[in-house]
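This note is written for a colleague who is meeting the structure for the first time. The points below may be read alongside the displayed model.

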Amino acid sequence: MRLIFEKNVEGRRGIKIQAPDVPAAKLPDGKYLRKTAAHLPDVSELDVVRHYTNLSRMNYSVDTNFYPLGSCTMKYNPKFTEALASLEGFTAVHPLLPQLAGGGALTQGSLEVLYHTKKLLCEITGMADFTTQPLAGAHGELTGVMLIAAYHRHHGSRRKYIIVPDSSHGTNPASAAIAGYQVVVIPTDKDGYMNMVEYKKQLNDQTAAVMLTCPDTLGIFNPRIKEITDLAHAVGALMYYDGANMNAMLGKCRPGDIGFDVIHLNLHKTFATPHGGGGPGAGPVGVSEKLVDFLPIARVVKRSDGTFALDYHRHKSIGYIAPFYGNFGVILKAYAYILMLGRQGLIEATEYAVLNANYCRARLKEYYDIPYDRICMHECVLSASRQARNGVRAVDIAKYLIDKGFHPMTIYFPMIVRESMMIEPTETESKETLDLFIETMIEIARLAETDPETIRRAPLTRPVKRLDETRAAREPNLRWRPNGVWQAEAPGN
Amino acid sequence: MSNYVPHTAKDIREMLEAIGVKSIDDLFRDIAPALRPKSFDIPEGKSEFEVCRSVQKLAGKNATDLTNFVGAGFYDHYIPAAVDALASRSEFYTAYTPYQPESSQGWLRAIYEYQTAVCELTGLDVANASLYDGGTALYEAAMMAVRLTGRHKIIVDQGVNLIYRTMLYTYTTNLSIEFVETPVVHGQSARAEILKHLDDRTAAVIVQNPNFFGAIDDYTDVASKAHAAGALAILSVYPIALGMLKSPGEMGFDIATGEGQSLGIPLSFGGPYLGFMACKQELVRQMPGRIVGATVDSDGKRGFVLTLQTREQHIRREKATSNICSNEALCALRAVIYLSLMGKTGLKELARLNYDKAEFAKSILEKVPGVTVKRTSPTFNEFTICLPRNADDVVHKMIDKGFAAGFPLGRFYKGLDNYLLMAVTEKRTREELMKFRDSLEAVLCD
């Protein structure tokens, strides 16, 4: 299939722009103007529509395929929330309108959504207050680490180190480092928990915070989490909760109750907003009482007369971390989702997510190695090391699953498990879907012994076979050029 | 039970049996009673109809009938229906990052096309797959310059959106980075001030075109002076203006960033938006975020993959170029669809129409008694006017007449209390402009 740029035909138009109703003005001096036009494709509207419709059909998605991508919580994305987020009453509002004199009264609906979402998230997590501003999970982490730095700075020194377990998401150490901290990594012990001896050894009065994912990336809830928290607090360090796996915790455990000081949530995971092919997400951050003053501005507040307003006058605030109030369209979808599910619906989401993960684990454990074989939470981590001895690696299993119509699980993460395969089915998948997936995984395990070559050849059913990723990195071709290396393919669609 | 979970009592029984536990509660036994929630006081669930009715009511509390002249970096452009139709295909929006290229060729091709479109707009060599917004993109560019030069001083022109400057300072609070702000005089960057501060400790010079006051400029000299000092030159741009204005590449800039909201993305009260970034080829290994590259499959057929991933957090952890994981892919898709509909010809026409409307608006507004249009610099579709009294009061009165009249500069700049920043996009008609003039005249006569 040709790229949209390769469909360019001089003279075609994809849009009719209205005729000017004002006189043509004199152009500014030529030194301000571009000499070379941007070579965007001149194509018809139908060309564009057909092109992107056909591209969409080359993707696997939650709406077309089972998508057990571990750590990403690919649950069903309700359609009514999309409809609400596209209401003109929300989409047409300029973010600076509430900052104009007299503009606050004209944006009460949006401010109310932000305020109520914040309150619901506080109750779900047990935190004292929330900001909806962070634009993604990792952005929430960075915000959280900056809040931690502000807190310590306020108490004299911002401290030097942030502790993360080696099973953490890559974003945790990256966020800590980017905010100016040195990262201390704690190994995982044989039971899958953070090594407590090493943890106690590393913890000191220069530790700014400990960042934990709970349940962790092995899908395990650490029963010693309170002890870990208390030890950190004893040296004056703060506790950061990576809420990426919150889908396992709704109504079962609240980070605020255990003593966590900062948490980020991924609304695009736990609260069912779509992943959008990589984003947008939203990563609201919740804090304990002692960090409330440092939250970014503006704060959305409720006034005594029941109206909502923006408050910029917080002198301890870390400042602006986003241009405005967060990814409003995403926050709105999560708000509607929480309202619809309600208390019982949220608890059920967690219960069935955990049930589904354990069902996959229990039925597959005979066929695959399970490095930490115990009751798991919302996801289970398998290893293909047994299959790898026959030359079938996790990546081969993933590619074979593609041919069978499944989006593969996460592979090679967490890095502490060899040939890891991380399965997160989510609560919205039925037993029939899980059974089909499990039977396919069992078939793969058998094929790995009898006919490994068939698995290694996969995928054969997609528009392309296995791609040469080494070549892509060694000879980067990152954009199309009019007279580029690539010959245009034969005209097709 | 909610309609999003399919389990029947029989399913649950069979699944528990396969797991070897008696109840769902047994699955949560690692969470000791002492760790259970002290409260979980969430209202009980509602039907789709009930939730829609209450959220629709909230939408109704927002005003959408104002004629808008507020821009300040975020613009009210028309969005063709095909953008919504295509971006709302769930095969796009319910997928995630294309980690498995063979089942994601649609997304990977779309991102490769987006990267190409951003390179064409900016006149630079490579672009990434998107960042959160224009402000975080500028921060990432500044950090790229720090890593590439090993220097820690950054010169920022005061014509750069104050929101972005504030974000830069927030993000670097704990890093030893020194920022020097250089003034804008009569709408133009003070070159002498930039030169005065440029030295062998300077990592980058950051300017914006058009600047926050709407003034356009040719910053070729700034880029070459930065290079002479061994610093990088970073330009924050407005993509619609690039249909007409000299591109960052033509001016010799190393990195261009910007807010992509105007490329088919609704204003939506501040997000989701789109941060874009492009740079020269030789800087690509320090670029943050995902990048898609072309390659071949085992039959030699063209295909697309995520590439240069050793820059990224999931591989490099604390040594990554950035912590970004989720980006704004769906907004990038909207942008490339929008730019494909516009095409080379359409984008030029659109830019020209914006320019002409703004020039017409200037010509009628300067005839309003007491109003001065600042004409010290040419502008694109946004400009500054000086009012005979406090701009906040005038804006407040204009709201009652049905106009969001503009952004009062006094909120961001000391001493500019009477100044108003006005954006005139292609959506504003001659009739609206005439009505605006009349209303402004009436308000000022009060």
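1. Strand S12 (residues 420-423) of chain A is covered on both of its faces. Ser420(A) and Met422(A) lie on one side, Met421(A) and Ile423(A) lie on the other, and all are buried. The model is a predicted one, and the remarks that follow should be read accordingly.

2. Which strands pair with S12(A)? Strand S10 (residues 380-383) of chain A pairs with S12(A) in the antiparallel sense over four bridges. Within this pairing, Ser383(A) has Ser420(A) as its bridge partner. Strand S11 (residues 410-411) of chain A is joined to S12(A) by two bridges, and these strands also run antiparallel. Here Met421(A) in S12(A) stands opposite Ile411(A).

3. Helix H13 of chain A covers residues 431-450. Its 20 residues reach 28 Å from the first C-alpha to the last, close to the 28 Å expected at 1.5 Å a residue. The buried residues of H13(A) are Lys431(A), Leu434(A), Phe437(A), Ile438(A), Met441(A), Ile444(A) and Ala448(A). Seen down the axis of H13(A), these buried residues fall within an arc of 140°, so they line one face of the helix. In general, an α-helix has 3.6 residues a turn, so residues three or four places apart point the same way.

4. The other side of H13(A) carries the exposed residues Glu432(A), Glu439(A), Arg446(A) and Thr450(A). The cover over the buried residues of H13(A) draws on both chains. From chain A it includes helix H10 (328-364), helix H11 (385-388), helix H12 (394-403) and helix H14 (452-457), and from chain B it includes helix H1 (9-19).

5. Leu339(A) lies in helix H10 of chain A. Leu339(A) has 22 C-beta neighbours inside 10 Å and therefore counts as buried. Leaving aside neighbours within four places in sequence, Leu339(A) is in contact with Lys46(B) and Val51(B). Leu339(A) and Leu120(A) are 219 residues apart in sequence, and their C-alpha atoms are 9.2 Å apart in space.

6. Is Gly126(A) buried or exposed? With 21 C-beta neighbours inside 10 Å, Gly126(A) counts as buried. Gly126(A) lies in the loop between helix H4 (108-125) and strand S1 (129-131) of chain A. Its contacts, leaving aside neighbours within four places in sequence, are with Arg254(A), Pro255(A), Gly256(A), Asp257(A), Pro37(B) and Lys38(B). Gly126(A) and Asp257(A) are 131 residues apart in sequence, yet 5.9 Å apart from C-alpha to C-alpha.

7. The largest nonpolar core holds 323 residues. Those touching the most other members are Val262(A), Ala142(B), Val205(B), Ile206(B), Ile234(B) and Ile337(B). H10(A) gives the largest share of this core, 22 residues. Not counting residues up to four places away in sequence, Ile206(B) touches Leu138(B), Ala142(B), Ile154(B), Ile155(B), Val156(B), Asp157(B), Val160(B), Ile234(B) and Ser236(B).

8. Chain B as a whole comprises 13 helices and 17 strands. Buried residues make up 61% of its 446 residues. Its C-alpha atoms fill a box of roughly 80 × 55 × 50 Å along the principal axes. Among contacts in chain B with a separation of 6 or more, 73% are between residues 24 or more positions apart.

9. One open sheet in chain B has four strands in the order S13-S14-S17-S16, with antiparallel pairing. Strand S13 (372-373) and strand S16 (407-408) of chain B stand at the edges with a single partner strand each, so one side of each is left without a neighbour in the sheet. S13(B) is joined to strand S14 (residues 382-386) of chain B by two bridges, and Thr372(B) stands opposite Cys386(B) in S14(B). Helix H11 (residues 329-365) of chain B lies across S13 and S14 of chain B, running at about 10° to S14(B).

10. Helix H13 of chain B, residues 430-445, has 16 residues that should span 22 Å at 1.5 Å a residue, and its end C-alpha atoms are 23 Å apart, which agrees. Its buried residues are Leu433(B), Phe436(B), Leu440(B) and Val443(B). They cover an arc of only 90° around the axis, which puts them on the same side of H13(B). The face turned away from this buried side carries the exposed residues Glu431(B) and Cys445(B). What covers the buried residues of H13(B) includes strand S1 (67-68), H11, helix H12 (391-400) and strand S15 (403-404) of chain B.

Definitions and conventions: Residues are numbered from 1 along each chain as its sequence is written. Chains are lettered from A and ligands numbered from 1 in the order in which they are written. This is a predicted model: local features need pLDDT of at least 70, side-chain atom pairs count only at pLDDT 80 or more; totals for chains, interfaces and linings use all residues. The expected span of a helix is 1.5 Å times one less than its number of residues. A residue is buried if 20 or more other C-beta atoms lie within 10 Å of its own, exposed if 12 or fewer, and partly exposed in between; C-beta atoms are placed from the backbone. The arc is that of the directions from the helix axis to the C-beta atoms. Two residues are in contact if their C-beta atoms, placed from the backbone, lie within 7 Å. Two strands pair if DSSP finds at least two bridges between them. Axes are lines fitted to C-alpha atoms, for helices over the stretch in contact, and angles run from 0 to 180 degrees between N-to-C directions. A nonpolar core is a set of buried Ala, Val, Leu, Ile, Met, Phe, Trp, Tyr and Cys residues joined through C-beta atoms within 7 Å.
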